[in-house]
Amino acid sequence: MKLNKDAQEAVSAINPDEMDVVIGWLKGAHKVSVLSGAGISKESGIPTFREAQTGLWAQYDPEKLATAAGFLNDPPLVWRWYDWRRQMLDSVKPNAGHQALAELEQLISEFVVITQNVDGLHTVAGTQNLLELHGSIRRFKCFRHGHPATEEIPLGLTEPPRCYCGSPLRPDVVWFGESLPEDIWKQAVLTAENCQVMLVVGTSGLVQPAASLPITAKRARTRVIEINPTPTPISDIADIYFSGPSGEILPKILEEFKKK
Ligand code: OAD
């Protein structure tokens, strides 16, 4: 996973003709995918990463908190930061955007959500066909060998518990400088190559390799629709860009899809 440059700022509005076109594409497709990012969970109350002021990386240093070197340097610090983020999840629920995607899955024959999010909210909303590219903050594995933790890890620990092999446990997420889980990445690329429509929702499109998936889809002549209040590098290749919060736009797409 690599960091790229910042996104630019601008705004546009939803055009009803474009909504008709999108619904036509979705109705005509039997393979639809979604690439989601932190923006889809924002309306649930979970901060994004790169937004000025409110984004996590505006307040915390990813080198210290989201790298293996950071963990080695100060395991309790990294543990407590993820523990805080896990505690945040205790009080949040999926929003109308997550729910609309879970319902669309029931209406389209092959529907896959590829997410960069580690919050698990797509699953809580009922999405079944899910590829978690960056892992899950709700799972743990050992730092040295990757042994999955089988026991429940309570909230509130101030330092990492130990694996049976003696190594400290870490969250089962992908840190900067690490590779994505190979099998999940392969499935995501196949999905992008084979779908007819891809919705790109709430991602800055700045983190590789996830950000390459809409480009892979485009090369395979997939229709790419972006939903984001702020344009991103993906806006340049999207066939249609809907500007606004996904908690409003995705339910609107679902509503129009059900009407026609
Ligand atoms: P970012 O924080 O980079 O981008 C969030 C995007 O969501 C921005 O483009 C916002 O404009 C958009 N956004 C904000 N509010 C929204 C809303 N209500 N509806 C829709 N979109 C909205 O988050 P990601 O692109 O997901 O990795 O970041 C990718 C990865 O970088 C993350 O998975 C994370 C991070 O470092 C790890 O920590 C493993």
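This is a predicted model: local features need pLDDT of at least 70, side-chain atom pairs count only at pLDDT 80 or more; totals for chains, interfaces and linings use all residues.
Is Trp-84 buried, partly exposed or exposed, and at what relative accessibility? I looked this up before anything else. Trp-84 comes out at 35% relative accessibility, so I log it as partly exposed.

**Entry: the rings around Trp-84**

I went through the aromatic pairs next and got eleven of them. I picked out Tyr-60 with Trp-84: the ring centres are 5.6 Å apart and the planes sit at 50°, so I call the pair tilted. Where do the two residues lie? Tyr-60 is in the loop between α3 (56-59) and α4 (62-65), while Trp-84 belongs to helix α6 (residues 75-90). The pair therefore ties together parts that are 24 residues apart in sequence. I checked the cover on Tyr-60 too: its relative accessibility is 29%, so Tyr-60 is filed as partly exposed.

Trp-84 also pairs with Trp-81. That pair is tilted as well, with 6.4 Å from centre to centre and 40° between the planes. Both residues are in helix α6, three residues apart, so about one helical turn separates them. Is Trp-81 buried or exposed? Its relative accessible area is 6%, and the cut-off for buried is under 20%, so I put Trp-81 down as buried.

I then asked which residues make up the aromatic cluster.

**Entry: the ligand**

Phe-49 turned up again here. I found 24 residues around the ligand, and those that come nearest are Phe-49, Arg-50, Thr-203, Ser-204 and Asn-228. By class, I sorted the shell into nine nonpolar, eleven polar and four charged residues.

A side-chain N or O atom of Asn-228 is 2.7 Å from an oxygen atom of the ligand. For Ala-38 I noted a polar backbone atom at 2.8 Å from a ligand oxygen. Ser-246 uses a backbone N or O atom, 2.9 Å from a nitrogen atom of the ligand. How much of the ligand does the protein cover? I got 96% of the 790 Å² of accessible area that the ligand has on its own.

**Entry: strands β5 and β6**

Last stop was β6 (residues 169-173). Five of its five residues are buried, so the strand is largely enclosed by the rest of the structure. I looked for its partner and found β5 (residues 135-142), which pairs with β6 in the antiparallel sense over five bridges. For orientation in the viewer, I marked Ser-136, which stands opposite Asp-172 in β6.

Conventions: Residues are numbered from 1 along each chain as its sequence is written. Side-chain values use heavy atoms; hydrogens and water are left out. A residue is near a molecule or strand if one of its heavy atoms lies within 4 Å of it. A polar contact is a pair of N or O atoms within 3.5 Å; within protein, one must be able to donate a hydrogen and the other to accept it, and residues adjacent in sequence count only if both atoms are side-chain atoms. Accessible areas come from the Shrake-Rupley method with a 1.4 Å probe; for residues, only the protein chains shown count as cover. Ala, Val, Leu, Ile, Met, Phe, Trp, Tyr, Cys and Pro count as nonpolar, Asp, Glu, Lys and Arg as charged, and the others, Gly among them, as polar. Buried means under 20% relative accessible area, exposed over 50%, partly exposed in between (1.4 Å probe, protein chains only). Helices (H or I, at least four residues) and strands (E, at least two) are DSSP runs, numbered from the N terminus. Two strands pair if DSSP finds at least two bridges between them. Rings of Phe, Tyr and Trp (its six-membered ring) pair if their centres lie within 6.5 Å; planes under 30 degrees apart count as stacked, over 60 as edge-to-face and the rest as tilted.
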